[in-house]
Amino acid sequence: MASTYLTRNSWGTPTSAKKFTISLWFKVCDTPSDESIIFNSYTGSLDRLTLSLDNNRVLKIENNNGSYNLRFITNRKLRDPNAFYHVVCKVDTTQGTESERFKMYINGVQETSFSTATYPSQNDDIKIPQSGKTLYIGSWTTSGQHWNGIMSHFYFTDGYAYDATTFGSIDSTTGEWKINTSPTLTMGTNGFTILKDGNTITDQSTNSNNFSLGGGTLTKTEDNPSNVFAT
């Protein structure tokens with residue numbers, strides 16, 4: 001997806017701006033010279049929710065309300081170009097315990113080592129997809145900071161916070177984290193499921209929150225989380 005990105009700007013009133021889940025599988029390609037955007041719910045630079053992989057291969061999620069009220073940057077670096085990574089970001093700001101308001105999982109294991117860890121306050125709103133915002137997948141906006149790699153099984157749930165075990169499990173034979181290709185989910189109003197079967201950007205949930213190809217060419221590949229090919 002080196003210069004390819006997806007976009008959608010027609011959203012309803014969210015089920016909740018306090019609870020959501022992002023889940024996707026991805027494979028990195030060459031080392032980027034700049035930050036590579038995975039997900040950017042955007043109105044302006046000070047009004048956004050962004051999930052990205054920077055040029056040092058650390059994973060970042062940032063919610064900016066004029067200042068950061070949610071910001072996490074991993075110490076772990078995701079540098080293996082041969083493997084699919086599964087990332088889940090679970091947010092529920094209604095929780096009374098700070099550490100329960102944000103959780104990140106990589107390949108089924110909760111990430112606990114962060115160079116930056118800013119938890120939201122209880123009942124904070126997060127800049128999820130909603131009316132007035134454009135969601136970009138694979139780009140900062142219409143240009144720049146494109147994702148250079150593969151994405152697969154991209155889920156966003158609006159108003160519902162799920163653990164990684166909803167989307168995957170440990171293989172009893174190999175001990176590896178494997179994909180659950182048909183998780184049971186409640187999506188909420190602005191939830192969506194894309195890139196589940198090949199390069200389908202039509203929402204495969206019941207919401208019909210379909211995306212458009214904003215630029216570039218979306219290429220189908222047989223390389224996928226269930227059957228890794230050399231690429």
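Me: Buried or exposed: which term applies to Phe 192 and Phe 211?
Reply: Both Phe 192 and Phe 211 are buried, a term that requires under 20% relative accessible area, with exposed meaning over 50% and partly exposed in between (1.4 Å probe, protein chains only). The model is predicted, so local features need pLDDT of at least 70 and side-chain atom pairs pLDDT 80 or more, whereas totals for chains, interfaces and linings use all residues. Residues are numbered from 1 along each chain as its sequence is written, and side-chain values use heavy atoms, without hydrogens and water.

Me: What makes the rings of Phe 192 and Phe 211 a pair, and of which kind?
Reply: Rings of Phe, Tyr and Trp (its six-membered ring) pair if their centres lie within 6.5 Å; planes under 30 degrees apart count as stacked, over 60 as edge-to-face and the rest as tilted. Here the centres are 4.8 Å apart and the planes stand at 70 degrees, so the pair is edge-to-face. Phe 192 belongs to strand E15 and Phe 211 to the loop between E15 and E16, 19 residues apart; strands (E, at least two residues) and helices (H or I, at least four) are DSSP runs numbered from the N terminus.

Me: Why is the pair of Trp 11 and Phe 211 said to tie together parts of the chain?
Reply: Trp 11 lies in the loop between E1 (5–8) and E2, and Phe 211 in the loop between E15 (192–194) and E16 (212–215), so the pair ties together parts 200 residues apart in sequence. The ring centres are 6.2 Å apart and the planes at 70 degrees, so this pair is edge-to-face. Both rings belong to one aromatic cluster, together with Phe 20, Phe 39, Phe 154, Phe 156 and Phe 192.

Me: How do you know that the charged end of Arg 8 sits over the ring of Trp 11?
Reply: The term requires CZ of Arg or NZ of Lys within 6 Å of the ring centre and within 35 degrees of the ring normal. The charged end of Arg 8 sits over the ring of Trp 11, 4.8 Å from its centre. Arg 71 has a like place over Tyr 68, at 4.4 Å.
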